[in-house]
Amino acid sequence: MQQNLKRIAGGNWEISQIHRWTLYKTVIERMLAHGSSAWCLNPTFKMKRKLSSIQRPFLLHISGAYRTTPTAALQTILGIPPLHMQLQFEARFTSIYRLRIPLPLFITDTQPHDLEMKATGWSTHPSEHLKPNQISFEDGEAYIARKDIINIFTDGSKTEHGVGAAFCVLTNDIWAYQWSAKLNDSNTVFQAELTALHEAVIYASHLPNHNTSKIHVDNRASIMASSNSKSTNETARKIFKILLSNPRIKVSWVKAHAGNIGNERADQLAKDATQHGLFTY
């Protein structure tokens with residue numbers, strides 16, 4: 001079916017994108033959904049990965065994007081949800097409303113508060129902006145050992161065990177504090193990164209006013225969303241408001257897996273959180 005779609009699309013993409021999209025939704029996805037109510041009520045990590053690898057070539061043929069384009073970006077651009085989520089939704093709908101079969105006890109439904117709700121308009125008045133030195137996208141300022149600077153490192157992780165977020169605090173070469181939490185399995189890495197950053201800015205906002213807090217984040221997208229007053233992400237908006245009222249808190253990007261002790265520690269904490277849940281001290 002994938003090769004047929006590729007052949008129909010042709011080298012010049014003569015068939016319109018909407019027709020390619022319709023073929024996928026009405027033919028290919030329907031074939032993949034066959035019997036999903038029996039096998040996709042609660043897909044495993046291995047099943048999700050397999051379904052994603054099946055869906056990806058079709059997304060590339062529909063969009064005409066480069067082969068290096070991330071799958072999540074293709075799904076967002078085309079408005080096509082991850083295949084395992086679509087099939088899981090249909091499986092549960094069929095079980096509950098058509099077969100009148102209650103969901104098994106081992107299945108935990110995602111609660112409404114676990115999902116991101118889109119916001120519109122400005123998060124603050126258009127005349128209010130962050131200080132120019134509050135946000136930095138240049139690597140190289142990863143760790144400055146000064147008594148008046150508190151370094152905080154954040155990270156988010158998603159593994160086959162689940163999703164985790166964490167941050168750790170380094171003061172005068174001493175690990176002063178660390179926080180980690182396990183999120184809902186349906187949360188994304190981006191949501192985990194934002195959650196870690198949100199908890200870090202809350203922590204920094206309660207520190208004494210004479211201290212400058214520098215939060216090091218290895219995810220550019222979360223920094224960009226949090227510094228944008230028109231972001232539609234609720235968590236990013238909360239971060240923006242805290243930064244706006246606390247100019248002594250600075251956020252900078254740090255290159256991931258480059259041997260930085262703070263980034264490596266936050267990464268390990270986030271990975272551990274995918275299995276062990278909430279942990280602070």
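Select Gln-191 to begin: with a relative accessibility of 13%, Gln-191 counts as buried, where buried means under 20% relative accessible area, exposed over 50% and partly exposed in between (1.4 Å probe, protein chains only). The model is predicted, so local features need pLDDT of at least 70 and side-chain atom pairs count only at pLDDT 80 or more, while totals for chains, interfaces and linings use all residues. Residues are numbered from 1 along each chain as its sequence is written, and side-chain values use heavy atoms, with hydrogens and water left out.

Gln-191 is placed in helix 7; helices (H or I, at least four residues) and strands (E, at least two) are DSSP runs, numbered from the N terminus.

Next, select Asn-233, in the loop between helix 8 and helix 9. Asn-233 and Gln-191 are 42 residues apart in sequence, and their C-alpha atoms are 9.5 Å apart in space. Asn-233 counts as buried because its relative accessibility is 12%. Its side chain reaches the backbone nitrogen of Ala-236 at 3.0 Å.

Now turn to the largest nonpolar core, which has 31 residues. Such a core is a set of buried Ala, Val, Leu, Ile, Met, Phe, Trp, Tyr and Cys residues joined through side-chain atoms within 4.5 Å. Among the residues with the most contacts inside this core are Ile-152, Leu-197 and Val-251. The elements giving two or more residues to it include strand 2 (149-159), helix 7 (189-205) and strand 6 (249-253). Helix 7 gives the most, with 7 residues.

A second, separate core of 15 residues includes Tyr-24, Leu-59, Leu-74 and Leu-78.

From Tyr-24, select helix 2 (residues 17-32), where a bend of about 35° occurs at Tyr-24. The bend at a residue is the angle between axes fitted to the seven residues ending there and the seven starting there. Arg-20, Tyr-24, Lys-25, Ile-28 and Glu-29 are buried in helix 2.

Finally, select Cys-40, which counts as buried at 0% relative accessibility, and Cys-168, also buried with a relative accessible area of 0%.

Notes:
A polar contact is a pair of N or O atoms within 3.5 Å; within protein, one must be able to donate a hydrogen and the other to accept it, and residues adjacent in sequence count only if both atoms are side-chain atoms.
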